[in-house]
Amino acid sequence: MTKLKRKTILLDFDGTLLRQVTYPPQTEALWGSVEISCKIPHGALAAVPIDRLGKTDYGVASELAASQGSWLDAGWWDLYAVLFENQCPLNLVEEVRPGVVPLLAWLSITGGVDLRLATGNHQPVAELKAHRSGLSPWLDLQHSGYGATDDRRDALRMALEDTGDVIYVCDTARDVAAAHVLGIEALALVTEEQTAEQLAEADHVAANVQGLRGVLAAWMEK
Ligand SMILES: [Mg+2]
């Protein structure tokens, strides 16, 4: 008899569950950690143009280091996590996108579905944000996927372990492309950063959180 696998909803974090596509205290810690790790003056990276939408923390940090002809040493990971913990407010509840908590509550009581993060955030950074935003009770953080490399697909692969049907709820064209490479259905949320046209490659596009709920309700019925 084959084991019946539950459906799994993978959730991008910044821009999807949280309002901001990039979170300023995290940006400060990320840039600061690269400056310290690469021994470059504070503020030296401020003018470096980086297109970071849909990239992992490590990918962005590597690009910043490379812009100065440098690279990240092994200590960068802990340094970044510690700097972020110092920058991060104790309460991030206001950062949660309106409608997200009712959505997660509804998905949880509907039952038969796992909710996991699939984010480019460094794991301790994502976990701290999940706890301080009040979202951690809804999420299986232990089986979530995080940005352990510069390739977003690795975060998705990490979150795919022991899953059945999967859908990825996300908010950038890079997220959608990563999902499709792995054969995962993508549901993209339009944000201030990317329009429905920019997200047109997604299997479904939602204009708002209510729209996510409609698509997910139909997906769970399949
Ligand atoms: Mg995002």
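User: In what order do the strands of the open sheet run, and how do they pair?

Analyst: Strands are DSSP runs of E, at least two residues, numbered from the N terminus, and two of them pair if DSSP finds at least two bridges between them. Here the open sheet has 5 strands in the order β2-β1-β3-β4-β5, with parallel pairing. The edge strands, each pairing on one side only, are β2 (113-117) and β5 (204-206). From one strand to the next, the twist averages 20 degrees. By the way, this is a predicted model: local features need pLDDT of at least 70, side-chain atom pairs count only at pLDDT 80 or more, and totals for chains, interfaces and linings use all residues. Numbering starts from 1 along each chain as its sequence is written.

User: Over how many bridges do β4 and β5 pair?

Analyst: Strand β4 (residues 185-189) pairs with β5 over 3 bridges, in the parallel sense. For one of them, look at Ala188, whose bridge partner in β5 is Val205.

User: How should I read the crossing of α1 and α3: at what angle do their axes cross?

Analyst: Axes are lines fitted to C-alpha atoms, for helices over the stretch in contact, and angles run from 0 to 180 degrees between N-to-C directions. Helices are DSSP runs of H or I, at least four residues. The axes of α1 (residues 24-37) and α3 (residues 76-87) come within 8 Å and cross at roughly 140 degrees. So α1 is oblique to α3, as angles under 35 degrees count as roughly parallel, over 145 as roughly antiparallel, 65 to 115 as roughly perpendicular and the rest as oblique.
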